[in-house]
Amino acid sequence: MANLKTPDKTLGEGLREIGLSRRGFLKFCAATASMMALPPNLVPAIAAALEQARRPSVIWLSFQECTGCTESLTRSHSPSVENLILDLVSLDYHHTLQAAAGEAAEEARLQAMEANRGQYLVIVDGSIPGPDANPGYSTVAGHSNYDILMETVEHAAAVIAVGTCAAFGGLPQAKPNPTGAMSVMDLVHDKPVINVSGCPPIPMVITGVLAHYLTFGRLPELDAYRRPMAFYGQSIHDRCYRRPFYDKGLFAESFDDAGAKLGWCLYRLGCKGPTTYNACATMRWNSGTSWPVESGHPCLGCSEPGFWDDAGFYEPVSVPIGVTSKTLIEGAAVGAVAGAGIAALARKAKKEAVANRQPVTIDELEQKL
Amino acid sequence: MSERLVVDPITRIEGHLRIEAQLDGSRIAQAYSSGTSVRGIETILKGRDPRDAWGFAQRICGVCTLVHGMASVRAVEDALRIELPANAQLIRNLMIGAQFVHDHVMHFYHLHALDWVDVVSALSADPQATSDLAQSISAWPKSSPGYFADTQKRIRTFVESGQLGIFANGYWGHPAYKLPPEANLMAVAHYLEALAWQRDAARLHAIFGGKNPHPNFVVGGVPCPIDLDSDSAINAKRFAEVRDILQSMQTFVDQVYVPDTLAIAGFYKDWAERGEGLGNFMCYGDLPGTGSMDPATFLFPRGVILDRDLSTIHEIDLHDASQIQEFVAHSWYDYESGNDQGLHPYDGETNLEYDGRGGVKPPYTQLDVDQGYSWMKSPRWKGQAMEVGPLARVLMLHATGHAQTRELVEMTLSKLDLPVEALFSTLGRTAARTLETKIMVDAMHGWLDDLIANVKAGDTRTFDDSLWNPASWPSEARGAGYMEAPRGALGHWILIRDGRIDNYQAVVPSTWNAGPRDVADQAGAYEAALQDNHELADVKQPIEILRTIHSFDPCIACAVHLTDPESGERMQIRVT
């Protein structure tokens with residue numbers, strides 16, 4: 001078992017051997033397409049690409065983290081985590097899931113790096129005490145997180161920073177940043193870095209980004225914060241089902257009041273939807289069961305850099321009520337919303353890209369199969 | 001210092017844990033448990049709005065994703081004397097219940113099972129015999145020979161791909177694996193099924209809290225309103241969904257988790273003879289029957305058991321400065337007034353000091369265990385080390401005469417033909433987790449019934465807004481929020497001054513269990529358990545260490561989140 005041989009089957013062959021039907025396979029491809037907001041006529045191309053693929057090696061590094069991102073990964077229903085790790089990628093190092101421990105675990109990481117030099121993906125969750133911080137603040141197998149990150153990314157194809165801690169420094173970096181925590185993109189400058197932010201990210205967004213890479217062999221279009229446009233291109237506010245109440249000026253003033261019961265806008269309870277770019281309102285959470293606003297709590301803004309140090313959870317963002325989305329963006333650009341200026345600049349480019357896309361839902365795609 | 005056996009990283013846990021073991025031949029003589037990563041969440045919390053604290057505290061851990069949010073809102077509610085609407089308490093109970101069931105099942109199959117189940121051996125199983133085995137222990141419908149043949153084929157295809165992924169470099173074929181191939185195949189099938197099942201179980205948190213991991217909370221209740229006539233509140237459709245999820249949990253626990261635990265345990269009865277550790281057990285208690293945190297109404301009782309003596313339950317007071325204290329004699333922290341004393345969380349100091357307290361400069365091969373060797377502190381109750389968690393709770397339920405617990409324990413012991421002392425062991429700890437999951441999932445139906453009955457009677461309140469506005473708060477207040485988390489007794493202590501957090505301390509289950517030695521050289525629970533009768537069959541493949549450590553279900557991000565690098569300022573605040 002210890003001697004790994006070279007993979008000799010394509011992904012498509014492997015999937016057929018385990019008895020996945022053609023229809024089931026196409027359904028998976030369709031779900032992949034819809035997650036990436038691609039038109040259904042691309043499904044056959046996706047299927048062809050997936051059938052050729054060998055399972056790429058993925059090394060998952062956990063640093064200053066809470067494992068919420070891994071938990072979120074396991075909640076993905078399409079592709080499911082079991083399909084992901086058995087059929088789609090070779091998850092060669094992952095503290096929470098791997099069988100091996102201690103030396104044998106570290107050996108697995110080194111073997112994967114050696115066997116897939118230049119081709120493996122590195123996924124990081126958690127922030128990293130930077131080169132100037134005490135290396136003892138966070139170690140694995142006696143090595144500092146910083147050294148492990150640098151050693152592992154050296155021959156990686158790309159790095160995906162999963163969760164707001166890895167992407168932007170997250171909670172450990174919140175004031176006063178006691179451990180000198182830094183993000184992956186603060187430290188890795190010579191590799192493509194994709195940020196999949198959120199605390200945690202939506203399950204299907206984590207797997208969706210991987211599926212994009214597996215399917216097309218390249219990285220998705222990114223915004224100014226290096227987040228995939230397909231999932232972070234629209235604000236929560238613009239996609240929120242409570243938006244009509246905002247436009248009508250109907251707001252919940254307290255939890256459990258008449259407005260809260262009727263599903264009115266949570267803006268005055270502190271909702272950060274207007275300044276938060278994420279797919280919660282369209283993809284929802286936990287197999288489409290609900291999402292924070294639908295369950296009555298204002299959006300915390302967890303996919304945005306620095307959200308922990310922005311306004312309190314229950315302080316309304318300082319935007320005049322009744323403005324349109326366009327004026328909201330302009331308001332942000334002139335600094336009415338703290339810290340949102342950079343995002344607003346990125347949004348202009350986003351708007352053009354969005355206009356050229358054709359978003360479709362999973363249901364629509366499945367009907368067309 | 002002589003060479004030591006090192007296991008780092010301990011995988012299939014939450015967080016960063018290192019175990020060093022001093023061997024006497026092949027037997028563990030001394031064990032040292034070290035948390036090797038720190039973030040500083042308590043320091044980050046200072047100066048913030050106490051109503052926001054739950055969101056920060058919740059990120060202490062994403063596995064027990066609900067518990068720190070819950071302990072945090074309870075701490076604020078205790079400080080401000082907020083009583084919850086009954087519905088909010090019932091919804092919280094349901095969310096706690098879902099957390100237990102989800103977490104314990106995932107722990108068993110995805111974190112612990114590979115210590116007992118040899119995946120490679122499953123390839124030589126006979127699918128027909130596997131089916132016979134599965135059907136002999138359970139009515140679970142996924143048990144046909146064809147089903148197991150398909151599962152086996154899937155695993156074989158995976159193995160033959162040459163890319164072993166998460167199964168690479170496991171200790172496959174180790175002589176300590178005792179299950180026959182058919183039991184291994186059945187367990188592997190259930191490993192995969194449990195991955196799919198847990199996605200459904202987690203949906204309960206999404207209904208009430210918007211998402212999982214990290215569902216939302218609010219001080220004074222729950223964020224979701226109840227309104228049967230609204231499409232955007234908890235309504236009849238949502239109640240039906242919750243009922244379905246409960247049913248799915250119930251079926252999986254009854255037909256898969258409980259029978260698998262008993263079946264697998266039957267092959268590992270020698271593990272009832274090691275791994276006890278301390279013999280001291282502590283529970284804060286939880287799952288109130290009313291809107292207040294009244295221990296008299298708890299499903300899980302509170303108290304301390306000392307030295308296996310179930311006949312005497314000692315009382316706990318979380319506010320008493322002489323009871324719960326944290327020590328740092330072997331931790332990478334400095335106490336201003338000396339590192340030999342213990343401090344109650346209200347008076348807690350946490351100054352990071354890696355270099356000056358014995359931290360070895362990375363890269364290192366061995367800790368300096370004579371000095372500091374962990375980012376965890378050593379919490380003690382009246383100076384004594386305590387084990388917390390499922391075994392503590394089951395013993396407490398048993399000691400206080402809980403009929404269902406007594407029945408389940410008796411059933412388990414008689415099926416396994418083991419004496420009652422077998423509970424005090426690695427195997428007992430793992431079995432206790434399964435039994436309390438059964439108790440929990442059964443209780444959940446009752447909370448849902450009560451919630452629906454309240455709504456039927458016209459009570460839909462889920463939030464108390466009377467103390468929402470910080471202007472209504474006293475200028476100084478302090479409180480302790482506590483709960484039984486899946487891994488054990490969890491407490492958060494908060495000091496509020498002028499509407500802001502003045503100090504915040506969390507003493508968490510895995511700190512009780514995984515903490516290092518204290519000033520009196522008393523070992524923590526992990527260390528003591530590993531020092532109890534552990535003979536390693538192969539020191540290069542120390543599977544025995546994984547078994548006992550995993551029986552506690554470590555959650556290390558929880559255990560090491562402390563710091564206060566700036567000052568050792570201590571607050572003396574009177575309860576207002």
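## Domains of chain A

In this predicted model, 20 residues of domain 1 of chain A are in contact with 19 residues of domain 2 of chain A. Domain 1 covers residues 55–231 and domain 2 covers residues 233–354. On the side of domain 1 of chain A that touches domain 2 of chain A, helix 8 (164–168), helix 11 and helix 12 (229–232) of chain A each provide at least two residues. Helix 12 of chain A gives the most to this side, namely three residues. By class, the side of domain 1 of chain A that touches domain 2 of chain A consists of 12 nonpolar, four polar and four charged residues.

Chain A as a whole contains 19 helices and nine strands. Of its 369 residues, 59% are buried. Counting contacts in chain A between residues at least 6 apart in sequence, 71% link residues at least 24 apart.

## Contact between the chains

The contact involves 87 residues from chain A and 91 residues from chain B. On the side of chain B that touches chain A, the elements giving two or more residues are strand 1 (5–7), helix 1 (41–45), helix 2 (53–58), helix 6 (145–160), helix 7 (181–201) and helix 8 (203–209) of chain B. The residues on that side of chain B comprise 41 nonpolar, 31 polar and 19 charged.

## Annotated cysteines of chain A

An unreviewed UniProt entry lists Cys66(A), Cys69(A), Cys165(A) and Cys199(A) under "binding site". These residues span 134 residues in sequence, but no two of their C-alpha atoms are more than 10.0 Å apart, so they gather at one spot.

Cys69(A) lies in helix 4 (residues 68–74) of chain A. Cys69(A) has 30 other C-beta atoms within 10 Å and is therefore buried, the cut-off being 20 or more. Leaving out residues up to four places away in sequence, Cys69(A) touches Asp125(A), Val162(A), Gly163(A), Pro200(A), Pro201(A) and, from chain B, Gly62(B).

Cys199(A) sits in the loop between strand 9 (193–196) and helix 11 (203–216) of chain A. Cys199(A) counts as buried because 27 C-beta neighbours lie inside 10 Å. Not counting residues up to four places away in sequence, the contacts of Cys199(A) are Gly163(A), Thr164(A), Gly170(A) and Cys302(A) in chain A, and Arg59(B) and His214(B) in chain B.

## Annotated cysteines of chain B

In chain B, the UniProt annotation "binding site", again from an unreviewed entry, covers Cys61(B), Cys64(B) and Cys555(B). They are spread over 495 residues of sequence but cluster in space, with a largest C-alpha distance of 8.2 Å.

Cys61(B) is in the loop between helix 2 and helix 3 (67–80) of chain B. With 32 C-beta neighbours inside 10 Å, Cys61(B) is classed as buried. Beyond residues up to four places away in sequence, Cys61(B) touches Cys66(A) and Thr67(A) in chain A, and Glu14(B), His68(B), Cys555(B), Ala557(B) and Cys558(B) in chain B. Cys66(A) is itself one of the residues listed in the annotation of chain A.

Cys555(B) is located in the loop between helix 15 (543–551) and helix 16 (556–559) of chain B. Cys555(B) is buried, having 31 other C-beta atoms within 10 Å. Apart from its neighbours within four places in sequence, Cys555(B) is in contact with Glu14(B), Gly15(B), Cys61(B), Val63(B), Cys64(B), Arg487(B) and Ser510(B).

## A three-stranded sheet in chain B

Three strands of chain B form an open, antiparallel sheet in the order 1-2-3. Strand 1 and strand 3 (27–35) of chain B are at the edges with a single partner strand each, so each has one side without a neighbour in the sheet. Neighbouring strands of this sheet are turned by 20° against each other on average, direction ignored.

Strand 1 of chain B is joined to strand 2 (residues 17–24) of chain B by three bridges, and the two run antiparallel. Within this pairing, Val7(B) has Ile19(B) in strand 2 of chain B as its bridge partner. Strand 1 is also one of the elements on the side of chain B that touches chain A.

## An exposed loop residue in chain B

Gln341(B) occupies the loop between strand 7 (333–334) and strand 8 (351–352) of chain B. Gln341(B) has 12 C-beta neighbours inside 10 Å and therefore counts as exposed, for which the limit is 12 or fewer. Gln341(B) and Tyr109(B) are 232 residues apart along the chain, and their C-alpha atoms are separated by 41 Å.

Definitions and conventions
Residues numbered from 1 in each chain as written. Chains lettered and ligands numbered in written order. Predicted model: local features only at pLDDT ≥ 70, side-chain atom pairs only at ≥ 80, totals over all residues. Contact = placed C-beta atoms within 7 Å. Helix = DSSP H or I, 4+ residues; strand = E, 2+ residues; numbered from the N terminus. Nonpolar A, V, L, I, M, F, W, Y, C, P; charged D, E, K, R; others polar. UniProt positions renumbered as here; feature names shortened; annotations may be inferred. Pairing = 2+ DSSP bridges. Axes fitted to C-alpha atoms, helices over the stretch in contact; angles between N-to-C directions. Domains from an automatic or database assignment.
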